[in-house]
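Hi,

Here is the structure I promised to pass on.

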Amino acid sequence: MGGTGATGPQAAALVQVVEGVYAWVQPDGTWWVNNAGAVLGDDGVLVVDTCATEERTRRFLSALDRACGGAPVRWAVNTHQHGDHSYGNSLLPDSAVLIGHSAMREALLHDPILDACPPAWTPVPDWGGVTRRVPSVVLERELTVYTGGRRVDLRHPGYTAHTPGDVVAWLPEERVLFTGDLLFHGLTPLVFMGSVEGALRSLEWVRGFGPEHVVPGHGPLLGAADLEEVLAAHERYYRFVLETARAGVARGRTPLESARECDLGEFARWDDAERIVLNLHRAHADLTGTPMDLAAAVADAVAWNGGPMPTTL
């Protein structure tokens, strides 16, 4: 679906999902514009992800402070390594314990885009006054955090999906699930730093939580009634990517050639459609057992798009 309405930092809103559980929803959820959230308990606040830029993160933390009556941020978790969910980490209180998967920590330590973003997007993002801050506590499969009597389970699927270090935040009593970028609601999923097969597999894992409220990594919030349709759309897209890649490899096509020759069909209406190139680079690399060239993948996405990819930062 195409982005509509306001999309700048001022368009974001803090939504109470259930009492004391919040989602920071940033329209329109396209490149670098993520969702985040927080859980308030008797012992303070656990933040789920930050934002890409100083301005966006400060707006989020300010709104959260007002909603939570100034309760301290005691913990924060990054659902994965990508900068839209993690570059604002340095704006969290120094005393806050930052949590993430071990693979996520390693990837953020060596993320070059924070230091020098390539001109692959327009406008080129301005991160503002943020610095690299990585988790001090890491998990491999699961970790439970309590704030007072409120339980938050941090879980890794056990395999690479959107990235090697995906973590969801699950509130079993409230049945609220923060999925990170295992789900994109209404726009093109991105798996070029993960695994298309793993992302496909993760859909059943997400379904298995049986959530009543879902905060996706990008796009509008979901209720239980909407979740199945979104999962089914993701499944169709991932199978489409895999089938396109298999056909392209069999015919000796490059990922860019495969992308230019394929008909996106129902997926053409999703924002960030150029991600087909990035996802095909990942699928081609996995099918052929060759390393993926991230810089070449981004350059090909720009070529397919006819210029830098748009963002609202």
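Below are some notes on the strands and on one residue.

First, the ground rules. This is a predicted model, in which local features need pLDDT of at least 70 and side-chain atom pairs count only at pLDDT 80 or more, while totals for chains, interfaces and linings use all residues. Residues are numbered from 1 along each chain as its sequence is written, and side-chain values use heavy atoms, leaving out hydrogens and water.

Strands β1 (residues 13–18) and β2 (residues 21–25) pair in the antiparallel sense over 5 bridges. Strands here are DSSP runs of E, at least two residues, numbered from the N terminus, and two of them pair if DSSP finds at least two bridges between them. Ala13 lies opposite Val25 in β2. The hairpin has 2 residues between β1 and β2, and Gly20 in the turn has a positive phi of about 80°.

Next comes an open sheet of 6 strands with mixed pairing, in the order β9-β10-β11-β12-β13-β14. Its edge strands are β9 (142–147) and β14 (222–223), each pairing on one side only. At the β14 end, β13 (residues 213–218) and β14 pair in the antiparallel sense over 2 bridges, with His213 opposite Gly223.

Finally, do look at Thr179, which sits in β12 (residues 176–184). Thr179 is buried, at 1% relative accessible area (buried means under 20%, with a 1.4 Å probe and protein chains only). Beyond its neighbours within four places in sequence, Thr179 contacts Val168, Val206, Val214, Val215, Pro216 and Gly217, a contact being heavy atoms within 4.5 Å.

Best wishes

Key:
Helices (H or I, at least four residues) and strands (E, at least two) are DSSP runs, numbered from the N terminus. Buried means under 20% relative accessible area, exposed over 50%, partly exposed in between (1.4 Å probe, protein chains only).
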